[in-house]
Amino acid sequence: MKHILFVASESLPFVKTGGLADVVGSLPQALSSNYRVSVFLPLYSSVIPKLKDAKAVVSFQISTPCIHQPATILKQTHDGIDYYFLQHQGYFERDGYYGYPDDGERFAFFNLACATFIEKVNLSVDIIHSHDWHAGMMPLLSRVVFKHHPNHKNIKHVFTIHNLAYQGQFPLSVAKDCLGLSDHIINDGSIRFDDGVNFLKSAIVYAHKITTVSPSYAQEILGVAFGERLHEVLRLRQYDLYGILNGIDTTFWNPSEDPFIPYHFDSETLDNKIKNKLALQKKLGLKSSENTLLLGVVSRLTWQKGIHLILDQMADIMGLDVQLVVLGSGEAHLEHGFRHMVEKYYGRLAYVAGYNEPLAHEIYAGCDLLLMPSLFEPCGLSQMIAMRYGTLPLVREVGGLKDSVLPYNSSDQSGTGFSFKDFSISDLYHVLRMAVYLYYHYPSEFEQVQRNAMNEDFSWALSSVQYAKVYDSL
Ligand code: ADP
């Protein structure tokens, strides 16, 4: 069996800030019948209480011009997968995960420690599958800096871009002093960007194969509009670039067994879904009304997610016979906008700030529509989760939203949601009005679309076969 080592900054069930953690948490299981998969992660403070019988495997010293630090690797097996945690109190045992002034140094250390771990402990790794910028230096370190070591010599590298907008850009001193890279590598154009170093660019240049999380996003990032200034580098690698749609963990996200929701249901018992709506309305102080269409948003509140389209259109949206529940935090002006709107639409609009897993499940279970008007969306998981719970996604036709939501077609009642093309308030509103009209005037058709959505297969089964093809091509 080939041994694949995932290197990432997040993975469920240990640490999650976004979809990356869902993917790194689920894909190893989906691959485990054909591959041995292990996962390498930082040991953040929040992870420590979740480790049960983790054992130290090895300790060593990392020494570069500016880093002289010890590293210890702990191992914990969970559901048959080996997890290796990089322990370093100063770098990782903090309140948050990212956004510190020394992120360049912290993640330079993370990549160096992983490469050194492979050198010190013979795990017979065949493929390193690194994820996002945090692990973006792995292909370069393994293929260039550690290439003569027998444990590294034959390793092939796959790199997955979960979101091209986050690239890990740092001053050149991170490359020179923290990573200890030679002037030759620094100056050959492979990792430099705006006179700094770019971890994501480095991975695009040095990985054998690159994947991203939906076929549409794989195409979109080759152009100026979505390429985040790396489109030309990506075009040079386009024949090694694959778009593979993410799956979701259909055991965790299962309305017929979900422990977080008050009433279980499936596509044949949608009446119980309405009970979840009533429970949610009660919990959040919304007017109790089983027949009122309930809109939901479960999202990071950032410009990427098109949240301001909803805020800017609020008067028109609330002019329809709907209620709205929003869960998420992020940019201050968006949080402030929703707080303000709650006062205005008291009893019809609820806003809960923060990250709240149980409430997210209750929203997916209790709502009728989920709004996701993203400016760009590499894959998106919320729309797939929503569909599994019979909550129809209303999305912009972009990236993975386009690849996972089939727009409603009145002629044959096909479709799994609603979509619009242009990133504009009027297009969003136009489609929302159509969905609301369908809900109130053609409830049996609306239910048919709910059943279509719930019967879609969003498990990892299909996607893991495509990852296997990439691995086997190496
Ligand atoms: P991204 O990774 O860009 O944030 P995705 O749609 O790919 O967006 O993944 C978002 C994941 O995070 C989903 O599982 C969603 O349910 C979850 N999520 C987002 N915001 C919250 C929140 N405030 N509370 C709980 N879960 C959330």
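**Ligand site and backbone notes**

1. A polar backbone atom of Asn356 lies 2.9 Å from a nitrogen atom of the ligand. The protein covers 92% of the 570 Å² of accessible area that the ligand has on its own. Please keep in mind that this is a predicted model.

2. A polar backbone atom of Gly19 is 2.6 Å from an oxygen atom of the ligand, and a polar side-chain atom of Lys16 is 3.0 Å from an oxygen atom of the ligand.

3. The shell around the ligand has 20 residues, of which Gly19, Arg300, Lys305, Tyr364 and Leu381 come nearest. Sorted by class, eight are nonpolar, eight are polar and four are charged.

4. Domain 1 (3-247 + 461-472) and domain 2 (271-454) both contribute residues to the shell, so the ligand lies between them. At least two shell residues come from each of the helices α1 (19-31), α15 (357-366) and α16 (382-388).

5. The peptide bond from Leu12 to Pro13 is cis, and its omega is near 5 degrees. Pro13 is part of the loop between β1 (3-7) and α1.

6. Asp195 has a positive phi, near 65 degrees, although it is not a glycine. The loop that holds Asp195 runs between β9 (192-193) and β10 (196-198).

Terms used. Residues numbered from 1 in each chain as written. Predicted model: local features only at pLDDT ≥ 70, side-chain atom pairs only at ≥ 80, totals over all residues. Heavy atoms only, no water. Near = heavy atom within 4 Å. Polar contact = N/O pair within 3.5 Å; in protein donor to acceptor, adjacent residues only side chain to side chain. Areas by Shrake-Rupley, 256 points an atom, 1.4 Å probe, with all protein chains shown as cover. Helix = DSSP H or I, 4+ residues; strand = E, 2+ residues; numbered from the N terminus. Nonpolar A, V, L, I, M, F, W, Y, C, P; charged D, E, K, R; others polar. Domains from an automatic or database assignment.
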